[in-house]
Amino acid sequence: MALPLVPYTIVNLFGAFKKKAAKINCQCSVCVRSGKYHKSIFRRISNFSTYSNLTLVLLWVVMAVLVYYIKHISTEVQIFEPFSILGLEHGASDSEIKKAYRRLSIQYHPDKNPDPEAHSYFVEFISKAYQALTDPVSRENFEKYGHPDGRQGLQMGIALPQFLLNIDGASEGILLLGIVGVCIILPLTISVIYLSRSSKYTGNYVMHSTLAAYYHLMKPSLAPSKVMDVFIKASEFMDIPVRRSDEEPLQRVFVLVRSELNLDLKNIRQEQAKFWKQHPALVKTELLLQAQLTRETAALSPTLQRDFKRVLELAPRLLEELMKMAIIPRPPVGHGWLRPAVGVVELSQSVVQAVPLSARKAAGASSEGYAPFLQLPHFSEAVVKKIARKKVRTFQDFRDMTPDEREDLLTQVAGFSNSESHDVEMVLKMMPSVTIDITCETEGEEGIQEGDIVTMHAWVTLNRGSGLIRALPHCPYFPFDKEENFWLMLADSFSNDVWLSQKVSFMDEATAIIAVSKTIQESKEGSGASAREINVAVKEALEKVKNGSRLVMGKFQAPAEGNYNLTSFCLCDSWIGCDAKSNIKLKVMKRSRAGTRGGFAADETPAMEDGIEEDEEEEDDDYDDYESEYSEDEEDTKETKSKGAVANGSAHNKGNGSSSDESGSEAE
């Protein structure tokens, strides 16, 4: 056991001391006071994870127990040697054997030596050795089998308690029932419960009924603020009990968050009555979520606090499944829907950062509203208004300032202390800045023709002011650990179609290295590159991954002939205002090459003509919907559609910065 354990421990200790122990969670005073990271401050610091630490400690405990057992408990097996016991050499005569026996009898016989140990030694060794050498049968057995009693067979026993071996008539029935219950009924009961529960859930621990509801409720025209109505209809939320004691505290929460419920102020009484007539579980879930968004959790009772944490614990994976329902390819074209996908990401950002959806309404020069500012520590709407007077209108303007300029602005205008200003600076250094380098081309061909299989290569690069690649977002109001996840989408904003989408994570570098090595190697081998070229390409890709880049690849079938103005989105589910967006021009030419690709004929490819949109459901005129920062003006879209495309038929674009930098983001 020590052979693998000792070197494994030395290697891990050396790596732990050699690697800088960087804290990947926010260290601002707000996060420290929340106590959220006290139990997980060392998690994900190095590749030596918590589970590995526990396993290593457990193995060393087992090692210590084994050493103690060997040293104090185990006994050495003694081989029976009658000549040695009598102090003789092999081949001694009968007279020498008798003399030795009489000499030892004087020393150890019970009549001569009253010591109990001497008596035991005389009976078990001296007498037995004398008999083995003088009795013909015993001596023959000793010479043949090495023992005076003959061949020593293997003895086996069953390690059962004594009461199981002494069974009387009165206890046989009880014992039989106990054995049947423990050995048969209990395992069967556990198996039935496990199978019944596992049949309800998917691999991501989401109920099948929830996925079915999300799939049917998802619509292509779903507004971002309407995503909440779909999200709360998860079966997991319906299983949270609604108690009579919850009515009064929920009434207080309703008064505090009423402005966020999109109620018609003209018919407020009817709207309130309509709200409370919904299913009690829906009412409770929405009020708890709105309490998180508005940071009004102090009004919750202790029992509601437990339900509140349960709702937030389920929220990340339910939102991920809701996102998959939005971008899942749907007939007839096989594309996902952009508008609801953006709405799901925006809801996820608001839940994690505890920012109300109304704060995302476009205001002035900012298409995001003042929501990005609220994720910073010590910020409020009043502080945002104060710094806006100094021509800091957008969050990107605030990030572009130098640290000294920000400190002067916060201390002199907003009234922050030096420590509060330092907290803001720490969070800004933790915020990610994403860049996208994306190409779309047909492998082995110069241009893209209708029906071709187009391959998208996208390098998504993440940078932070702190220099970290892996980090946990600043979210002190979210009571659980939350990893940053990014969704890369290649979409047509005009038709609301998502052509390609993939989830991107920067937390696991080892997995990214393995994936990019395999992908680059297969891609280069398919193009006929030499071994040297493959090694150079793999080496360059690995260097990119170590510097904070991730490779995303995908394939799609080229649509009908025409010019397409696509948009690449990289949306973060944890930060507001850190998304990247860039435009890509794609030119698809009429098929001139013989044959088809992917088994689709050119005339069978669904046509995607310019100016065709999917029908959207009409929203209520009096519904006060906030506008997503990704919405585009119709005139700008038409103007973009009329522009020229790339000459060689392949699309390449490099975009960076957050979505707040995009001048084309206007009210829809």
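**What the labels mean here**

Reply: Start with helix α19, residues 381-388, where V383, V384 and I387 are the buried ones. Buried means under 20% relative accessible area, exposed means over 50%, and partly exposed is in between, using a 1.4 Å probe and protein chains only. Bear in mind that this is a predicted model: local features need pLDDT of at least 70, side-chain atom pairs count only at pLDDT 80 or more, and totals for chains, interfaces and linings use all residues. Residues are numbered from 1 along each chain as its sequence is written, and side-chain values use heavy atoms, with hydrogens and water left out.

Me: What makes a stretch a helix, and how many helices and strands are there?

Reply: Helices (H or I, at least four residues) and strands (E, at least two) are DSSP runs, numbered from the N terminus. The chain has 25 helices and nine strands. As for burial, 43% of its 668 residues count as buried.

Me: How do you know on which side of α19 its buried residues sit?

Reply: Look back at V383, V384 and I387, the buried residues of α19. They cover an arc of only 100° around the axis, which puts them on the same side of the helix. The arc is taken from the directions that run from the helix axis to the C-beta atoms. These buried residues pack against α18 (371-374), α20 (395-400) and α21 (403-413). Contact, by the way, means heavy atoms within 4.5 Å.

Me: Which residues of α5 are buried, and which are exposed?

Reply: In α5, the buried ones are I97, A100, L104 and S105. Their arc is only 140° around the axis, so they share one side of α5. K99 and I106, on the other side, are exposed. An α-helix has 3.6 residues a turn, so residues three or four places apart point the same way.

Me: How do you know what span to expect from α5 and α16?

Reply: The expected span is 1.5 Å times one less than the number of residues. α5 (residues 94-108) has 15 residues and should span 21 Å, and its end C-alpha atoms are 21 Å apart, so the two agree. With its 26 residues (302-327), α16 should span 38 Å, and its ends are 38 Å apart, so that agrees too.

Me: Where is the kink in α16, and how is a bend defined?

Reply: The kink is at A315, shortly before the proline P316, and comes to about 40°. A bend at a residue is the angle between axes fitted to the seven residues ending there and the seven starting there.

Me: What makes I328 buried, exposed or partly exposed?

Reply: I328 comes out at 30%, so it counts as partly exposed. This residue is in the loop between α16 and β1. Apart from neighbours within four places in sequence, I328 is in contact with Y215, H335 and G336.

Me: What lies over the face of Y215, and what is the rule for that?

Reply: R330 does, at 4.2 Å from the ring centre. The rule wants NZ of Lys or CZ of Arg within 6 Å of the ring centre and within 35 degrees of the ring normal.
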